[in-house]
Amino acid sequence: MQVHEVFLTFTPPNQSRMRKHIPNTITLLNLAFGSIALYMVFSGKPVTALIMLLAASLCDFLDGMTAKLLHVVSDIGKQLDSLSDLVSFGLVPAAMVFTILQQAMTGHSPGNVITFIVLVSVVLIPVMAAIRLARFNLQEDTGVFFGLPVPAFALFWTGIYFDYSQTGMLFNFEVQWWYIVSLMILLSLFMVLHVPMMTLKFQGLGMKKNYLRYILLGISAILLITTGIPGLSLAILVYILLSLFRIILT
């Protein structure tokens, strides 16, 4: 075949095909950042773990938005998103809770068997996260989430993990290991409960349909400014309370 024939038969890549890979690439960055965060948690580097998890959260927000803007929403993108979320927002918070419990039980462990059971109990987190994500893939878009979203769960524990790793306390209060376990079980189960949760998807910019979202953003901003990274945990608690309040209103 002549050289000029090669160029004549070459077909440039279709731009629409190239566009559909952009959201998936962002999703895979979510997975990459989450994997690095997991390593950093076990390496005892909470600041780097925090940065990586926040980067994963940003990618998780951007991939869906990018797919809609480019009109390239796909089934494989939805599956990749859930698989990435399971690592970034399922395994990483499990590692964070494991690290907290290790520190909380040092020197005053109630017994070797109990210690083992307590530490192994963190597997509840990725298990519940997997169920939550699988249900989400099968859920129709109704404008609400059912159960605590997995990224919100991860951000809650990120704030607690960062505070505990820096001070050995939570919001300047000493806590026992059983408190951490109880909170972990409660929130893990809350991920799979059929409780409608508010989404952050604004319905226009008007106050009438979005006033709870504006309240959440305002309170969250105040908490982050006044308390720093631990304010993430408080902001998620506000999100839960406002979602439950929304149920009462409706």
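This is a predicted model: local features need pLDDT of at least 70, side-chain atom pairs count only at pLDDT 80 or more; totals for chains, interfaces and linings use all residues.
Local features are described only where pLDDT is at least 70 and side-chain atom pairs only at pLDDT 80 or more, while totals for chains, interfaces and linings use all residues. Residues are numbered from 1 along each chain as its sequence is written, and side-chain values use heavy atoms, with hydrogens and water left out.

A nonpolar core is a set of buried Ala, Val, Leu, Ile, Met, Phe, Trp, Tyr and Cys residues joined through side-chain atoms within 4.5 Å, where buried means under 20% relative accessible area, exposed over 50% and partly exposed in between, with a 1.4 Å probe and protein chains only. The largest such core has 57 residues, of which Leu101, Leu148 and Trp157 touch the most other members. Its greatest contributor is helix α7 (residues 150–167), with ten residues; helices here are DSSP runs of H or I with at least four residues, numbered from the N terminus. Leaving aside residues up to four places away in sequence, Trp157 is in contact (heavy atoms within 4.5 Å) with residues including Pro93, Met96, Ile180 and Leu187.

Phe156 also lies in α7, and it is buried because its relative accessible area is 3%. Although Phe156 and Leu232 are 76 residues apart in sequence, their C-alpha atoms are 5.9 Å apart in space. Helix α10 (residues 231–249) packs against α7 at an angle of about 145 degrees, with the axes 7 Å apart; axes are lines fitted to C-alpha atoms, for helices over the stretch in contact, and angles run from 0 to 180 degrees between N-to-C directions. Among the residues that meet are Phe156 and Gly159 of α7 and Ser233 and Ile236 of α10. By class, this contact has eight nonpolar, three polar and no charged residues.

A second pair is formed by helix α4 (residues 75–104) and helix α6 (residues 124–138), which pack at an angle of about 160 degrees with their axes 9 Å apart. The two are therefore roughly antiparallel, a term for angles over 145 degrees. Their contact includes Leu86 and Val97 of α4 together with Leu133 and Phe136 of α6.

Finally, His71 is found in the loop between α3 (46–70) and α4. Most residues other than glycine have a negative phi, whereas His71 has a positive phi, near 60 degrees. His71 counts as exposed because its relative accessibility is 71%.

Note on methods. Angles under 35 degrees count as roughly parallel, over 145 as roughly antiparallel, 65 to 115 as roughly perpendicular and the rest as oblique. Ala, Val, Leu, Ile, Met, Phe, Trp, Tyr, Cys and Pro count as nonpolar, Asp, Glu, Lys and Arg as charged, and the others, Gly among them, as polar.
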